[in-house]
Amino acid sequence: MTIAEVSRRFDISPDTLRYYEKIGLLPPVPRTKSGIRDYDEASCGWIELMKCMRAAGVQIEALIQYVELYQKGDETLDARKALLIEQREQLTSRMTDMQHSLDRLNYKISLYEQGLMHSSNRLPKN
């Protein structure tokens, strides 16, 4: 699959795909005899994983480290698992913080819907 096809499939610009490969966020993409990138299903799987992890807020440095470990082989299985567990803990913490913020917003909105918010009223602390 060409870079243009992959770009459309994953809604990622060709420049971003090249950058991801350059910095090690993706393992090297197979190339044709003439040197043109030829994305296979494995490459697309990596792109899908990275897009998902980035959307979840996982830091690029952690993902680069994961790819590096993966490329070293099975002797890094424990290190890869530990890295993923750490990222899961960070994501869980962010989700808890986001839920707290959502709860606070919902509370504020409910005050407006109940007619309890007026410019003459002081804002409730909660």
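**Exercise 1. Work out which residues of helix 3 meet which residues of helix 4, and how the two helices pack.**

Start with the contact list, taking contact as heavy atoms within 4.5 Å. From helix 3 come Trp46, Leu49, Met50, Met53 and Arg54, and they meet Ile60, Leu63, Tyr66, Val67 and Tyr70 in helix 4. Now sort these by class: nine are nonpolar, none polar and one charged. (Ala, Val, Leu, Ile, Met, Phe, Trp, Tyr, Cys and Pro count as nonpolar, Asp, Glu, Lys and Arg as charged, and the others, Gly among them, as polar.)

A quick word on what you're looking at: this is a predicted model, where local features need pLDDT of at least 70 and side-chain atom pairs count only at pLDDT 80 or more, while totals for chains, interfaces and linings use all residues. Numbering runs from 1 along each chain as its sequence is written, and side-chain values use heavy atoms, with hydrogens and water left out.

Next, the geometry. The crossing is right-handed.

**Exercise 2. Find what lines the largest cavity, and say which helix gives the largest share.**

Searching the whole structure for cavities of 30 Å³ or more turns up one. (On a 1 Å grid over the protein atoms alone, a cavity is a set of points where a 1.4 Å probe fits but cannot get out; lining residues have an atom within 4 Å of a point.) The largest cavity holds about 30 Å³ of space. By class, the lining has six nonpolar residues, no polar and no charged.

**Exercise 3. Describe how helix 1 sits against helix 2 and against helix 3.**

Take helix 2 to begin with. Helix 1 (residues 3–10) and helix 2 (residues 14–23) have axes that come within 9 Å and cross at roughly 100°. That makes helix 1 roughly perpendicular to helix 2, a label covering 65 to 115 degrees. Ile3, Val6 and Ser7 in helix 1 meet Pro14, Leu17 and Arg18 in helix 2.

Then turn to helix 3. Here the axes come within 11 Å and cross at roughly 40°, and the crossing of helix 1 with helix 3 is right-handed. Val6, Arg9 and Phe10 in helix 1 meet Glu41, Cys44, Ile47, Glu48 and Lys51 in helix 3. That contact divides into four nonpolar, no polar and four charged residues.

Terms used:
Axes are lines fitted to C-alpha atoms, for helices over the stretch in contact, and angles run from 0 to 180 degrees between N-to-C directions. Helices (H or I, at least four residues) and strands (E, at least two) are DSSP runs, numbered from the N terminus. A crossing is left-handed if the near helix is turned anticlockwise from the far one by less than a right angle, and right-handed if clockwise. On a 1 Å grid over the protein atoms alone, a cavity is a set of points where a 1.4 Å probe fits but cannot get out, and a pocket is an open set with protein on both sides within 12 Å along at least five of seven lines; lining residues have an atom within 4 Å of a point. Grid points are joined across faces, edges and corners, and a volume is the space filled by probe spheres set on the points. Angles under 35 degrees count as roughly parallel, over 145 as roughly antiparallel, 65 to 115 as roughly perpendicular and the rest as oblique.
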